[in-house]
Amino acid sequence: MAVALIGNPNVGKSSVLNRLCGSSIFVSNYPGTSVEVTKTKFNVVNRDVDIYDTPGIYSLHSPGEEQRVVKEMLKSEDIELILNIVDATNLERNLVLTYELLELGIPVVVVVNQIDRARVMGIKIDPRKMRSLLHSPVILFSAVSGEGLVQLIRVLESGDFAAQIDKPGMGKKVAVDLSLSGRYGERGKGYVIPTETSINEADLERAKKARDTAKFVTTQMKAGQKIWLERIQNILDHPVIGVVLLLFFAYLGFLLLLKSIELSEGPISTVLEPVNRLIGHLISEILPSGIVSSVLSKAVPEGLIIPFTIIMPAMLMVSLLMSILEDTGLLPRYSVALERAGSFFGVSGQAVIPLSLGFGCRTPAILATRIMPSEAERFIVITLLSIVIPCAATLGIMASVVSTFEAYLPVIVLTMLATLTILGFILSRIMPGESVFVYELPPLRLPMWSNVWSKVKVRFSGFFTEVLPLLLLMNIIIRALMESGLLNIFHDMENFTRFLFGIPAEAFVAVLITIFQRYLAPLVLLNLPLTPREATIAITMIALSLPCLPVMVMTVREIGLKGLIKVLIMAFSTSFAVGIILNCILPF
Amino acid sequence: MTLRDMKVGQKAKIIKIDKGSYAQRRLFEIGLVPGAEVKLLSRHPFRGPLVLQIGNAKIAVGRGIAASVKIELLEN
Ligand SMILES: Nc1nc2c(ncn2[C@@H]2O[C@H](COP(=O)(O)OP(=O)(O)OP(=O)(O)O)[C@@H](O)[C@H]2O)c(=O)[nH]1
Ligand SMILES: [Mg+2]
């Protein structure tokens, strides 16, 4: 048996599913959190039900990636019931999709979510009246309080969904045209490009029905007194004060990140030092003496220092800040505040969301570019993500290179900003397109700490499963290469790299290592004797270089091999150009 | 008159949208349909986006697209 959750963006589909199944799908307070269909198993009276969470959509008939995956799911899976999640505070718009879903002939149960918030706003909804108009069961629900859960489970238990539908003839599957090209002419890569006038009579009729239904079933009581959250929201949404505050918060977050690394480094080192001595001692005791033992006994303890003292606090802090930004609803407010800045890069305000997710990890950020409204904008954001945005692990290890070699931090930061600007400018010229900025601002909410915590856990777990093992392995490889003298084979390149970029051959090898994983590259530098000038050039080239392997895989999946090749060519040219230019202008 | 000419605090009814079908669709899905009522909440400086209230939702739209939405002011 298969059930699908379908509804507008940010109404709480994933929250309803998490509440129902105890799953832990990412929930955030902005439209476009889920961009893929996720299957969860749910057991009800000894039957397994597959429940699909889907990306939020406003209409089945719109073009776009989210609509495509939802329609594909409806076509390929045998969906027996649609749980249409609607936002109680915004029925008029939500019901347009409901009426579209009712036409599919699949039984629909309407789950009126966020009923808790609606009550606070003085909105009363009559589920009986609503049922009489929609001819489908209606459940008042709150994913936060759990209201309506029992009713929902009862519906799932009953099994015979068609019987729940009042209207004769409904509930039997009729052939529905969900053809992906449908009324929208040709299909571009992944996107359906509408060719005819997009809104037709049927659309307008559904909009009217939705408006009438919403009016009929809701009573607007006198709204209670303004809650303080709403007052803060009014200040934050002020076009001038709000923007200044948002920029100040961003600065504060950055400062907090740096301070937390600085403050935690001492205590962590104190704990780590005796542990490391023990590990080194154990390795040289256990392994027979020889090159393996001497390499490992040095490389392993050494390889633990940077991950634990710098990268761990950086990743923790970034995960925490990101989760707070997402859950409060501040993130989409940055989209609006930075809309003008974005138009310079040829992208609309939504770009803020994937770009800032990239500071956590760039791989899921590439997936999040699906919220961009056009293929051209999507490519621009993927390119900027791949080349310019450093993830938390990279930021941490870059910071340690800067402090080890006394590299010129302002030069590095300015170069990165200049590159972002120039790259954006060029991209917006070669991929022109009018940006259509239409974006729903979610209400400001207090973050639910349980949710923040579970997201921090998921994001941070990457430290132990990926970052730490990879960095440790890399450190061992570098040590082994150095002790064995194998790194010398690159010496032939020395003249070339010194002439072009002013850096030794080994540092150039580090730049190339970014192909595998960007945060591994600075580790090579830490093992080399570099001058501040060399370190500055090398680390900037690393900071502005190739997308790492996981990002490349994701990019191919999302925009195809051709797209990736374009990104790679741009990445190589950017990195090399930056190296050459810095080599020319930096004084010795 | 278009959305872009509205003053902050004014309410209006949408008459028609003069824009390509893609933009029309985007506006339609978010509730900017002929017949719908909107209120202008704020306009961001430097020709930034406008923030509208439609029902209980806050919607931000770019100026370019706002200029293509024909409206009729409503008396308060
Ligand atoms: N007050 C209240 N907030 C809710 C409720 N359900 C969800 N939320 C909040 O609404 C926001 C969106 O929830 P999600 O579950 O991510 O919504 P979604 O529909 O999956 O969103 P997309 O994946 O972006 O389409 C989150 O901040 C939730 O905490 C509810 O019943 N009451
Ligand atoms: Mg979701």
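Entry 1: I began with the side chains of Ser142(A) and Asp116(A), which are joined by a polar contact of 3.0 Å. For a polar contact I need a pair of N or O atoms within 3.5 Å; within protein, one must be able to donate a hydrogen and the other to accept it, and residues adjacent in sequence count only if both atoms are side-chain atoms. I also found the side chain of Ser142(A) reaching the backbone nitrogen of Ser145(A) at 3.0 Å.

**Entry 2: ground rules.** This is a predicted model, where local features need pLDDT of at least 70 and side-chain atom pairs count only at pLDDT 80 or more, while totals for chains, interfaces and linings use all residues. Residues are numbered from 1 along each chain as its sequence is written, chains are lettered from A and ligands numbered from 1 in the order in which they are written, and side-chain values use heavy atoms, leaving out hydrogens and water.

**Entry 3: buried or exposed?** I asked this of Ser142(A). Ser142(A) counts as buried because its relative accessibility is 0% (buried is under 20% relative accessible area, exposed over 50%, partly exposed in between; 1.4 Å probe, protein chains only).

**Entry 4: two domains.** I read off domain 1 (2–225) and domain 2 (241–432 + 458–585) of chain A, with bounds from an automatic or database domain assignment. Their C-alpha centres lie 40 Å apart. Between these domains I noted 1 salt bridge (a side-chain nitrogen of Lys or Arg within 4 Å of a carboxyl oxygen of Asp or Glu).
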